[in-house]
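Visitor: I have a model open on my screen and would like a guided look at it. Could you walk me through some of its packing and pairing?

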Amino acid sequence: MTVGAGSVGAGSVGAGSVGAGSVARPRENRRVEIRPATADDVERIARVDVLARQAGYQGLLPQHLLDGLRAADQVPKWTAAVREAAWPHRGTLVAVVSGDVVGFVSVRPAEDDDPGVAGMGEISSFHVLPALWSHGIGRCLMVAATATMAVAGHPSALLWVVQTNIRAIRFYTHRGWRPDGATRDDVVDHVTLRLRYRRELR
């Protein structure tokens, strides 16, 4: 992936950032552009969001919840997220292949109440179109996300993952993320345990 001097979003964020137009070539020599999301991407982001959650959480969350997910319902959330981006501190990066959004990652300052995470960055959402899992798209997005959070001045970052999502945990662990012992219960028809993972950025 091309990571060098450039900017993300409207303002310059300095050397080492991932700028609009950055290009990666993951497996199969597939050309992938990583860039900040725009208003025109919102519907496609919502589509990837729903399809990835339906596939990734199958067997982990109640099926009726997954079946009830609709991309149209996610559009307002992603419209607001794109509008409220403040690079390099907060925003959504998209992975584009042949003109289509096939994955995205959202970054922000950590919002946990735990005082031990003050000053950290956070990956709040991270999904790739299921048809392109294991093609290197996620790796490219992760490189872009960690580079962006480092440019924002965060010494380290965190993310939350469902305890039983072995595929996601394997992906994160392979890229340097480690559990820090924090857990959180999410109640969605039943209790789902999430684990917090952390990674140094410097």
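Visitor: Happy to start with the helices: which hand does the crossing of α1 and α3 have?
Guide: Keep in mind that this is a predicted model. Here α1 covers residues 42–56 and α3 covers residues 71–83. Their crossing is right-handed.

Visitor: Which residues of α3 make the contact with α1?
Guide: On the α1 side, the contact is made by Val42, Glu43, Ile45, Ala46, Arg47, Asp49, Val50 and Arg53. The residues of this contact divide into eight nonpolar, two polar and five charged. From α3 come Ala71, Gln74, Val75, Lys77, Trp78, Thr79 and Val82.

Visitor: And how are α1 and α3 oriented to each other?
Guide: Two packed helices are described by the angle between their axes and the distance between the axes. For α1 and α3, the axes come within 8 Å and cross at roughly 125 degrees. Angles of 65 to 115 degrees would count as roughly perpendicular and those over 145 as roughly antiparallel. The two helices are therefore oblique.

Visitor: Let's turn to the strands. In what sense do β6 and β7 pair?
Guide: Strand β6 spans residues 100–109, and β7 spans residues 121–128. One of the pairs joins Gly103 to its bridge partner Val128 in β7. The two strands pair over seven bridges, and the sense is antiparallel.

Visitor: In what sense does β7 pair with β8?
Guide: Glu122 stands opposite Leu158 in β8. The pairing of β7 and β8 runs over two bridges, and its sense is parallel.

Visitor: How many of the residues of β7 are buried?
Guide: The cut-off for buried is under 20% relative accessible area. Strand β7 has eight residues and is mostly covered. The number of buried residues in β7 is seven.

Visitor: Is Ser156 buried or exposed?
Guide: Ser156 is found in strand β8, residues 156–162. Not counting residues up to four places away in sequence, Ser156 touches Met120, Gly121, Arg199, Glu200 and Leu201. Its relative accessibility is 6%, so Ser156 counts as buried.

Visitor: One last stop: which residues is Asn165 in contact with, leaving aside its neighbours within four places in sequence?
Guide: Asn165 has its place in the loop between β8 and α5. With 13% relative accessibility, Asn165 counts as buried. Leaving aside those sequence neighbours, its contacts are Gly56, Tyr57 and Leu60.

Technical notes: Residues are numbered from 1 along each chain as its sequence is written. This is a predicted model: local features need pLDDT of at least 70, side-chain atom pairs count only at pLDDT 80 or more; totals for chains, interfaces and linings use all residues. Side-chain values use heavy atoms; hydrogens and water are left out. Axes are lines fitted to C-alpha atoms, for helices over the stretch in contact, and angles run from 0 to 180 degrees between N-to-C directions. Helices (H or I, at least four residues) and strands (E, at least two) are DSSP runs, numbered from the N terminus. Angles under 35 degrees count as roughly parallel, over 145 as roughly antiparallel, 65 to 115 as roughly perpendicular and the rest as oblique. A crossing is left-handed if the near helix is turned anticlockwise from the far one by less than a right angle, and right-handed if clockwise. Contact means heavy atoms within 4.5 Å. Ala, Val, Leu, Ile, Met, Phe, Trp, Tyr, Cys and Pro count as nonpolar, Asp, Glu, Lys and Arg as charged, and the others, Gly among them, as polar. Buried means under 20% relative accessible area, exposed over 50%, partly exposed in between (1.4 Å probe, protein chains only). Two strands pair if DSSP finds at least two bridges between them.
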